[in-house]
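Student: Please take me closely through one part of this model, beginning with a strand and its pairing and continuing to the aromatic side chains.

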Amino acid sequence: EVQLVESGGDMVQLGGSLRLSCVASGFPFSVYDMTWVRQAPGKGPEWVSAISPAGGTTYYVGFVEGRFTISRDNDKNTLYLQMNSLKPEDTAQYYCARGRYDAYDRGSWGQGTQVTVSS
């Protein structure tokens, strides 16, 4: 079965940086688009960034563009999200999802990793 394990979240101050990782298994990782999705308390999930199977095409939601960078290592079945210049509004639980931002799989998320940005 599809398994996704996120890690790397932490509590940081305004302007700090974090690098999230998502280790995937149970499916041919290298042929799927992948997406980072986040959910803040009391809010619905929102996609943050996505990447094509070979990593040649990336997508970002407007409020993270220029600050976040998505990447992947298909040899390690791992998805990454480098987050710089973090803001309090970035505070959320971050999840990895199979598929592109407009059609990702909602049924096989991992436990997520918490990112908290203090002001």
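Tutor: β2 pairs with strand β10 (residues 113-118) in the parallel sense, over three bridges; pairing requires at least two bridges found by DSSP, and a strand is a DSSP run of E with at least two residues, numbered from the N terminus. In this pairing Met11 stands opposite Thr116 of β10. The model is predicted, so local features need pLDDT of at least 70 and side-chain atom pairs pLDDT 80 or more, whereas totals for chains, interfaces and linings use all residues. Residues are numbered from 1 along each chain as its sequence is written, and side-chain values use heavy atoms, without hydrogens and water.

The two strands belong to an open, mixed sheet of six, ordered β2-β10-β9-β4-β5-β6. β2 (11-13) and β6 (58-60) form its edges; each has a single partner strand, so one side of each lacks a neighbour in the sheet.

Among the aromatic side chains, six pairs are found, a pair being rings of Phe, Tyr or Trp (six-membered ring) with centres within 6.5 Å; planes under 30 degrees apart are stacked, over 60 edge-to-face, the rest tilted. Phe27 and Tyr32 are edge-to-face because their planes stand at 90 degrees, with centres 5.4 Å apart. Phe27 is buried at 10% relative accessibility, whereas Tyr32, at 30%, is partly exposed; buried means under 20%, exposed over 50%, partly exposed in between (1.4 Å probe, protein chains only). Arg72 lies over the face of Phe29, 4.3 Å from the ring centre, where the criterion is NZ of Lys or CZ of Arg within 6 Å of the centre and within 35 degrees of the ring normal.

Terms used: Helix = DSSP H or I, 4+ residues; strand = E, 2+ residues; numbered from the N terminus.
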